[in-house]
Amino acid sequence: MFKAKNLSPQKLAGFTALIISAVIALGSLIADGSWQVMLTAFILTFLVSYYLYLYTLQNFIYRKIKLIYKFIYQTKASKREEFFNKNILPLKTIEEVSEDVEKWAIQKKEELDILRRNEEFRKEFLLNLSHELKTPIFAVQGYIHTLLDGAIDDPNVNKVFLKNATKNVDRLCHLLDDLDEISKLESGEMTINKETFVIQDMIKDIFDTLSLKANTKGIKFNIKKGCEAPVAVQADKEKIRQVLMNLVDNSIKYGKNDGHTIASIYVMDDKQVLVEISDDGIGISEEHLPRVFERFYRTDRARSRDIGGTGLGLAIVKHIIEAHNQTINVRSKPEIGSTFGFTLDTGRE
Ligand SMILES: Nc1ncnc2c1ncn2[C@@H]1O[C@H](COP(=O)(O)OP(=O)(O)OP(=O)(O)O)[C@@H](O)[C@H]1O
Ligand SMILES: [Mg+2]
C-alpha cells in the first residue's frame, strides 16, 4: 500500500512535482489545445518543481533536523551516524523525529533529576558532617580554654575536664574512622575476601568482647534455642564481624536495663542463611524505620549522641551486606524491641 509516512525526500519531491506538473499541463492543454505545448509544460514544470522542492526539503528541513539530531546526541558524526544521517534519517517522518526528541528530553530530565538528588544528598551530607564535627570540637575547645583560664590548678575539676576533653577527641576519632570506612565502601575500594567460617563461633566471640559493656546495663546475651547447631557461611570474616559488632552494640545501646539480646540463625535453603539480632529495648517507630540505614540518621539525636553514636554504624552495615550481594532488613516496635536480620551465603552449590 502507498504510505506517505515513509517517503524519502526524493520520492516526496517527485510526487509533489508530478501533481503540480499534471495540473499545469492540463491547464495548458485547455488553454492552448496543443499536445506539444502540454508535454513541454509538463516536463519543464516537473523538472523545475522537482529540483526546487528537493532542494528546499534537503536544505531547509532535513539539514536543520540533522543539526538537531547532532546537537541532541552531542557527538561528532561517526561512520554509523553518517550512515544514519544519509540513509535512515531521510526516511524518518517529522512525527518520528519528534518522538525521538521527546524520548531524549525524558532521558535528560531523568539525568537532571538524579543530579539534583545527588546535589541535595551532598548538601545534607556536608551539613550533617559539619554538625557532627562541630559538637565534639567545640566541647574540646571549651574544656581547654577553661583549663587555661585557671581550672588547671583546681584539683576538683582539672582531671574531670581533661577526661571529658579526651572523650570528645575519642568521639572525633571514631567519627573519622567511620567516615573513612564508608567512603572506602562507597568508592568500591573495599574488596570482599570470602572464607568459610561457623557463624555461631563468631557470634559467641562478639558476645564475649561486648560482655563488659552489656554487664553495665544488666543485658544478657543468648543464642536462640534450636539455633545452636554450627552453620558454616561463606563471607568476608572481618567485615561480618564488623556487622555483628555494630548490631550487637546497638542492641546494648538501645536495649533496656536487664534486657536480652538474642541471636538466631536460620538455614533458609541450601544457599542462604538468615542471621537475626533481636533486643527488647526502646524499639524504633514506624516513621523512622525506613531511614535507619541512612548515613547520620538517628531516631533521637540527643539521646544517641549521649550514648556516643555517630549514626554511621547501620549505613556501614548495609554497605557491607550489599557488597556481599545479600540483604538486610529491620522489624521493630517502640518499647517492645528491634530485630535486625541479614542473609549470608552458605557457599554450597
Ligand atoms: N537496636 C536498636 N534499637 C533501637 N534503635 C536503634 C537500634 N539500632 C539502631 N537504632 C536507631 O538507629 C540509629 C542509627 O543506628 P546506627 O548504628 O547507624 O548509629 P549509632 O548507633 O547512633 O552510631 P554508631 O553506630 O555510628 O556509633 C540509632 O541512632 C538509633 O536511633
Ligand atoms: Mg550503631
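In these exercises a residue is called buried when its relative accessible area is under 20%, exposed when it is over 50%, and partly exposed in between, with a 1.4 Å probe and protein chains only. The model is predicted, so local features need pLDDT of at least 70 and side-chain atom pairs count only at pLDDT 80 or more, whereas totals for chains, interfaces and linings use all residues. Residues are numbered from 1 along each chain as its sequence is written, chains are lettered from A and ligands numbered from 1 in the order in which they are written, and side-chain values use heavy atoms, with hydrogens and water left out.

**Exercise 1. Describe the salt bridge between Glu 276 and Arg 331, and state how accessible each partner is.**

Step 1. A salt bridge is a side-chain nitrogen of Lys or Arg within 4 Å of a carboxyl oxygen of Asp or Glu, and Glu 276 and Arg 331 meet this rule with an N to O distance of 3.0 Å.

Step 2. Glu 276 belongs to strand β5 and Arg 331 to strand β6 (residues 328-333), so the pair ties together parts that are 55 residues apart in sequence; strands (E, at least two residues) and helices (H or I, at least four) are DSSP runs, numbered from the N terminus.

Step 3. Glu 276 counts as buried because its relative accessibility is 8%, while Arg 331, at 44%, is partly exposed.

**Exercise 2. Characterise the largest pocket by its volume, its lining and the elements that supply it.**

Step 1. On a 1 Å grid over the protein atoms alone, a pocket is an open set of points with protein on both sides within 12 Å along at least five of seven lines, a cavity is a set where a 1.4 Å probe fits but cannot get out, and lining residues have an atom within 4 Å of a point.

Step 2. The largest pocket holds about 590 Å³ of space, a volume being the space filled by probe spheres set on grid points that are joined across faces, edges and corners.

Step 3. Of its 32 lining residues, Asn 246, Asn 250, Lys 253, Tyr 254 and Gly 313 lie nearest the centre.

Step 4. The elements that each supply at least two lining residues are α5, α8 (237-253), β5 (272-279), α10 (313-323) and β7 (337-345), and the largest share, eight residues, comes from α8.

**Exercise 3. Identify the residues that line the second largest cavity, and say where they come from.**

Step 1. The largest share, three residues, is that of α5.
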